[in-house]
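Notebook open, structure loaded. I'll go through rings, charges and a few contacts in turn.

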Amino acid sequence: MAVRGRDARGRRPRLPRRAAGLVLAALLTASACVAPADADTSLTVREIDATLERRAAAVLARDPAGYLDALAPDAAKLRAAQRTELANLADVPLKSWSYEVKGITEEDGDWATAEVELRYRIDGYDTAPVAARRTLELMRDGERWYVSADRPAEGASDQLWHQGEVEVVRGAHSLVLGVGRPEEELRQVADTVDLAVPAVSDAWPQPWARRVVVLVPDSVESMAGLLGSPESSYRGIAAVTTGEAGTTGKRPALADRVIVNPQAYASLGSFGQRVVLTHETTHVATRTSTSTATPVWLSEGFADWAAYRGEDRTPDLIAPELTGAVRAGDVPAGLPDDKDFGFDGDPAELARAYESAWMACELIAERWGKEKLTAFYAAVGAHPGRDGAVEQALGSVLDTTPEEFTADWRDYLSARLG
């Protein structure tokens, strides 16, 4: 997952603390503590599965009666909330919707608590599902189990439709889902993403879906709710991209979502909005080639390179903090480490880290060519681990060494920004 934001000049704001950069990956991969399997538990799981299969079928059929039929008859408050939830989903084009019982954490006669994974796909956009962990409380009545409570699992978060009625705006390459935002605002976001997709496809010619799903909640508080983090983590952040990295060569990455902070995004000019959404779209495009072997400087630098390459801005305007440092004789000694991108450090140093990463990708594109830059990115991500990934790709793709590249990059900074 990547977390980024910029001010009206297209730069990242100076933030007092780090946004929770790996929140969604943790939500998608954390496992619940479950009871050991035995014959009785396995039978309970199968019976609960049957209830949830009927519930899933009702969602796809837009069948309120069938959906409510899976709920405990005397759970009036839950039934009202779930009726509203299904109505909120009415316009969302669902391709699939399913549940998987991951385990039973408690069982006492006719009562059980289950850890469940909801997986859904949006028709025409998701090539893989989004996963959300839920905790369900259930009661048995006769031969059937009924849901008596439904909430996010510990450490997980709600989905957009839990926050209100979802309005859907379709673009040529985008699907924008909003809650509590004007339709014209959602249309403007879709139009900007529609410009970003072909720009990103030109920067990243490797196969990708070339479609982006964007969520626009009604506030930064709601944005934080979708990410399961405090609101303070995202003030000033215009947008984030969620997804699962590290799946290259193993299985498809789960579907990405770009989530917009409506207040911070609205404060940007058209230039800043284009840069933000092109940057985020780049993360969507490169997801399957991004892995745990990919250093942050490369993933963020490449996304900035893709976002800025079509814009008419000189390097000193794009990288003002780094320009000031270089002109003061403080040329960085080396490429930034992952920790340099943390929002809990000095804001100026954070800006220089991003700008340094962008300039590294600019150097590769200018000296070796765009094709070599994308090949270098892919080669790093395909490496089995972080150790040696950059070194090997520098040699095999660019025919250079880390020492030579760092020296060339430092000279490049002095020439372009000095």
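Predicted model: local features only at pLDDT ≥ 70, side-chain atom pairs only at ≥ 80, totals over all residues.

Residues are numbered from 1 along each chain as its sequence is written, and side-chain values use heavy atoms, with hydrogens and water left out.

**Rings**

I searched the whole structure and got 13 aromatic pairs. One of them is Phe 271 with Tyr 308, a tilted pair at 6.4 Å centre to centre with 35 degrees between the planes. This pair links distant parts of the chain, since Phe 271 is in helix H8 (residues 270–285) and Tyr 308 in helix H9 (residues 296–308), 37 residues apart. Helices here are DSSP runs (H or I, at least four residues), numbered from the N terminus. Are Phe 271 and Tyr 308 buried or exposed? Both are buried; that label means under 20% relative accessible area, exposed means over 50%, and partly exposed is in between (1.4 Å probe, protein chains only). I also logged one aromatic cluster made of Trp 97, Tyr 99, Tyr 120 and Trp 161.

**Salt bridges**

My cut-off is a side-chain nitrogen of Lys or Arg within 4 Å of a carboxyl oxygen of Asp or Glu. How many salt bridges does a search of the whole structure find? It finds 21. I looked at three of them.

- Arg 181 and Glu 185 meet through their side chains at 3.1 Å, N to O, and both residues are buried.
- Asp 337 and Lys 339 form a salt bridge at 3.9 Å, N to O. Asp 337 counts as partly exposed because its relative accessible area is 42%, while Lys 339 is exposed because its value is 62%.
- Arg 367 and Asp 408 are bridged at 3.1 Å, N to O. The two link distant parts of the chain, with Arg 367 in helix H12 (residues 347–367) and Asp 408 in helix H15 (residues 402–417), 41 residues apart. Arg 367 is partly exposed at 48% relative accessibility, and Asp 408 is partly exposed at 22%.

I also found Arg 55, Arg 134, Asp 150 and Asp 158 linked in a network of salt bridges.

**Negative patch**

Which residues form a negative surface patch? I have Asp 387, Glu 391, Asp 399, Glu 403 and Glu 404. Patch members have over 30% relative accessible area and no salt bridge, and like charges are joined within 9 Å. I checked Glu 391: this residue is found in helix H14 (residues 389–398) and is partly exposed, with a relative accessible area of 43%.

**C-alpha distances**

Ala 50 lies in helix H2 (residues 39–61) and counts as partly exposed at 27% relative accessibility. Arg 83 sits in helix H4 (residues 76–88) and is partly exposed at 45% relative accessibility. Arg 83 and Ala 65 are 18 residues apart in sequence and 9.0 Å apart in space, C-alpha to C-alpha.

Key:
Patch = residues over 30% accessible without salt bridge, like charges linked within 9 Å, V, L, I, M, F, W, Y side chains within 5 Å. Areas by Shrake-Rupley, 256 points an atom, 1.4 Å probe, with all protein chains shown as cover. Lys, Arg positive; Asp, Glu negative; His and termini not counted. Charge placed at Lys NZ, Arg CZ, Asp CG, Glu CD. Phe/Tyr/Trp six-rings, centres within 6.5 Å; stacked < 30°, edge-to-face > 60°.
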